[in-house]
Amino acid sequence: MKVAVETYGCTMNQSDSDIMRAYLSGHFELSSVEDAEVVVINSCGVIEFTERKIIRRIRELKSAGKKVVLAGCLSRISKEALNLADSAIAPDNLDKVVEAVKLAFNGGARFLEWRNVDKACLPKLRLRENVIAIVSISEGCMGQCSFCATKFARGKLRSFSIDSIVREVESAVKQGYREIQITSQDTGCYGLDKGKLMLPELLERICEIEGDFRVRVGMMNPHFAKAMLPDLLNAYEDEKIYKFLHLPVQSGDNRVLKDMKRDHSVEDFVEVVEEFRKRFDIMLSTDLIVGFPTETEESFWKSYELIERIRPDIVNITRFSKREGTPASKLRQIPGWIVKERSRKLTELCVEIGLEKNRRYLGRELDVLVTSHGKRWMLARSNEYRAVITLGNLGEFKRVRIGDCRHNYLLDSELRSLLATLSTGVSLRRPSGL
């Protein structure tokens, strides 16, 4: 039987797909979606738009005569998606994927029970399309955000053991992976379910592993980062850690943050950013929700002014999406045209800031790691995780001179000269992950 895995959403989902492929490969032939008899949809339920897209995809696959196994967050969030699928597994039941595929042809099955599984101990079959290995360090979170439905699917925090995570990273490095992406719903709260914040300790243990590789630390919430700030800054001193900080603020208004139940203030966010910038040339990524139901015009401009003042390198702007069952879904919604206009204004500001920041690198030499293929060229990452379009080989560490830039990437001068020589007017694809 031919089986395919189709993945939506975050890096945690990508890691879960690696686990499912490992289990499936021992029983079925892994294939493209087009050739598959069964498609495992690893779904995302962060926003309604993505949920509707996945539901349409399930219907499309079933109309083509394929069986569908629903995995990922929607198996616990969306009754419609669950009822459309032939079988289903929850994020903590990945070892049941083989059984779910087999039963999809015979009435189906639903493996949705809550289990405490150390995913760092589970087998992984990673795609060799790049030199990036995604390593999950925990499941669930400690938050109670009023807008979030992911907690319904992933539950409360269950941190995986440091030893099993270190063994997984060691194995990935030995297999030739050069970028290790540490991921979780919130890397900052890692270990809190066991009594203390342990992310700095974990990073130190990972950096002790022999080999030439880099570590990208995933999103952490400001209040947890602040609580362990001295130890976290010390851990970031290691050259193996990308000087990259993903710190979601979500709003520039403390009143809105309170309504969101975010457990941090604007001041907490600013303090962490400023302390990191004192020590490192950090690349800052943050998240903003535009159009939260209690966001007034004044609240929006506070968010705008915060971005204007802090000037992050990356801002992930999300228009508020009502998720069934969350407290925020019961609030009166802001008209869509207002949300769209606020999003447009913020986007324009962020593009302006990104271009201004990247122009500072023109003519400079940077050490980079070539991590993945682009459409025509290669994508590399600087020590601050800046995207650099270049030539080279996967896994190669090299030095480049920056010859051009856009708001979201830098361009190697060697490649820029080649493009000028070719004079083909080739358009560069926007790198993934930005």
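A contact is defined here as heavy atoms within 4.5 Å. In the protein, 71% of the contacts between residues at least 6 apart in sequence join residues at least 24 apart. The structure is a predicted model, in which local features need pLDDT of at least 70 and side-chain atom pairs count only at pLDDT 80 or more, whereas totals for chains, interfaces and linings use all residues. Residues are numbered from 1 along each chain as its sequence is written, and side-chain values use heavy atoms, with hydrogens and water left out.

The secondary structure comprises 15 helices and 19 strands, assigned as DSSP runs (H or I, at least four residues, for helices; E, at least two, for strands) and numbered from the N terminus. The C-alpha trace spans about 60 × 50 × 50 Å along its principal axes. The radius of gyration is 22 Å, in agreement with the value near 22 Å for a compact globule of 434 residues; the radius is taken over C-alpha atoms, and the globule rule is 2.2 Å times the number of residues to the power 0.38.

Of the 434 residues, 56% count as buried, where buried means under 20% relative accessible area, exposed over 50%, and partly exposed in between (1.4 Å probe, protein chains only). The largest nonpolar core contains 69 residues, of which Ile165, Ile180, Tyr236 and Phe276 touch the most other members. Such a core is a set of buried Ala, Val, Leu, Ile, Met, Phe, Trp, Tyr and Cys residues joined through side-chain atoms within 4.5 Å. When residues up to four places away in sequence are not counted, Phe276 touches Leu229, Leu232, Leu233, Tyr236, Leu245 and Ile282. Another core, of 21 residues, lies apart from the largest one and includes Ile19, Met20, Leu24 and Val98.

Arg158 lies in strand 9 (residues 158-159) and is buried, with a relative accessible area of 13%. Residues up to four places away in sequence aside, Arg158 touches Asp92, Trp114, Arg115, Asn116, Ser138, Glu139, Gly140 and Asp193. The C-alpha atoms of Arg158 and Lys119 are separated by 10 Å, although the two residues are 39 residues apart along the chain.

Two loop residues were examined for backbone geometry. Lys261, in the loop between helix 11 (254-260) and helix 12 (266-279), has a positive phi of about 60 degrees although it is not a glycine. Lys261 counts as partly exposed, at 45% relative accessibility. Arg311, also not a glycine, has a positive phi of about 55 degrees and is placed in the loop between helix 13 (297-310) and strand 14 (314-319).
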